Amino acid sequence: MTPPVEAPRRGLSVICRAVRDDAERALHLEIRRRVFVGEQHFFEGTDRDAHDDDPATVHVLGLCGDVAAGAVRLYPLDEPGLWKGDRLAVLPSFRNHGVGGPLVRFAVRTAAEAEGRVMIAHIQPAYLSFFEHLGWHRLGEPVSFVGRPHQMMAIDLPVALRRI
C-alpha cells in the first residue's frame with residue numbers, strides 16, 4: 001500500500017482504520033507531510049509533534065481500494081472524556097472521492113467508543129461547512145493556530161455515535 005502517484009479510479013470504496021504497523025504509520029505520516037508541509041506550507045520539514053509518539057494517539061488511514069488516500073489522528077486530552085482530532089489530510093488526487101467524511105466519522109466513532117464525551121478540532125475556514133454538515137458546531141471566535149486562522153469546533157460524541 002502506497003500513497004498514489006496518479007489519479008485514482010472512480011467508484012472505489014473508502015475504508016478507514018487505525019494504522020496496523022510501522023509501514024502503515026509511515027504512510028500516515030507521509031500523507032500528512034505531503035499536505036501540511038509540501039502543499040499547504042503549515043510546517044517546515046515535518047508536522048510531527050509529541051502527540052505522534054504518545055501511545056494514546058490513534059493514527060488513522062483512509063484507503064481507496066488498497067491505496068492510502070488520507071489520514072487523521074486523534075487523542076484524549078487531560079480532561080476526562082475530551083478528545084482532539086487533528087491533522088486531517090487527504091491527498092489532492094482523492095479530494096473529490098469522499099475520503100474526508102469517512103475519516104472524520106471514523107475518528108468520532110473511535111473517540112466515542114473510548115468513552116469520549118466531546119471531540120474538538122481546529123478547522124481551517126474553507127472546511128467549516130464540511131464539518132457543520134457532519135454535525136460539528138463552532139466554539140467562540142476564530143483563533144490563530146499554527147500561525148493561520150482556524151475555527152475551534154466540537155462535536156458531542158454520544159449524540160454523534162447514535163447518528164453514525
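This is a predicted model: local features need pLDDT of at least 70, side-chain atom pairs count only at pLDDT 80 or more; totals for chains, interfaces and linings use all residues.
Strand E4 (82-90) takes part in both the pairing of strands and the lining of the largest pocket. E4 and E5 (118-123) run in the parallel sense and are paired over three bridges, with Leu82 having Val118 in E5 as its bridge partner. On pairing with strand E8 (residues 148-156), E5 adopts the antiparallel sense, over six bridges, and here Ile123 stands opposite Gln151 in E8.

The largest pocket has a volume of about 620 Å³. Its lining is made up of 34 residues, of which Leu88, Ala89, Gln124, Tyr127 and Phe131 are the closest to the centre of the pocket. Two or more lining residues are given by each of helix H1 (22-39), strand E4, helix H2, strand E5 and helix H3 (128-133), and the largest share, seven residues, comes from E4. By residue class, the lining consists of 22 nonpolar, eight polar and four charged residues.

Side chains of opposite charge can pair when their charged atoms come close. The structure holds 16 salt bridges, one of which is formed by the side chains of Arg32 and Asp47, with an N to O distance of 2.8 Å. Because Arg32 lies in helix H1 and Asp47 in the loop between H1 and strand E2 (58-64), this pair ties together parts that are 15 residues apart in sequence. Arg32 is buried, at a relative accessible area of 0%, and Asp47 is also buried, at 2%.

A salt bridge also joins the side chains of Arg87 and Asp49, at 3.4 Å from N to O; since Arg87 lies in strand E4 and Asp49 in the loop between H1 and E2, the parts tied together are 38 residues apart in sequence. Arg87 is buried, with a relative accessible area of 10%, whereas Asp49, at 27% relative accessibility, counts as partly exposed.

The side chains of Asp52 and Arg73 likewise meet in a salt bridge, at 3.0 Å from N to O. Asp52 is placed in the loop between H1 and E2 and Arg73 in strand E3 (residues 67-76), so this pair connects parts that are 21 residues apart in sequence. Asp52 counts as buried at 1% relative accessibility, and Arg73 is buried with a relative accessible area of 0%. Through shared partners, salt bridges join Arg32, Asp47, Asp49, Asp52, Arg73, Asp86 and Arg87 into one network.

Methods
Residues are numbered from 1 along each chain as its sequence is written. Side-chain values use heavy atoms; hydrogens and water are left out. On a 1 Å grid over the protein atoms alone, a cavity is a set of points where a 1.4 Å probe fits but cannot get out, and a pocket is an open set with protein on both sides within 12 Å along at least five of seven lines; lining residues have an atom within 4 Å of a point. Grid points are joined across faces, edges and corners, and a volume is the space filled by probe spheres set on the points. Helices (H or I, at least four residues) and strands (E, at least two) are DSSP runs, numbered from the N terminus. Ala, Val, Leu, Ile, Met, Phe, Trp, Tyr, Cys and Pro count as nonpolar, Asp, Glu, Lys and Arg as charged, and the others, Gly among them, as polar. Two strands pair if DSSP finds at least two bridges between them. A salt bridge is a side-chain nitrogen of Lys or Arg within 4 Å of a carboxyl oxygen of Asp or Glu. Buried means under 20% relative accessible area, exposed over 50%, partly exposed in between (1.4 Å probe, protein chains only).
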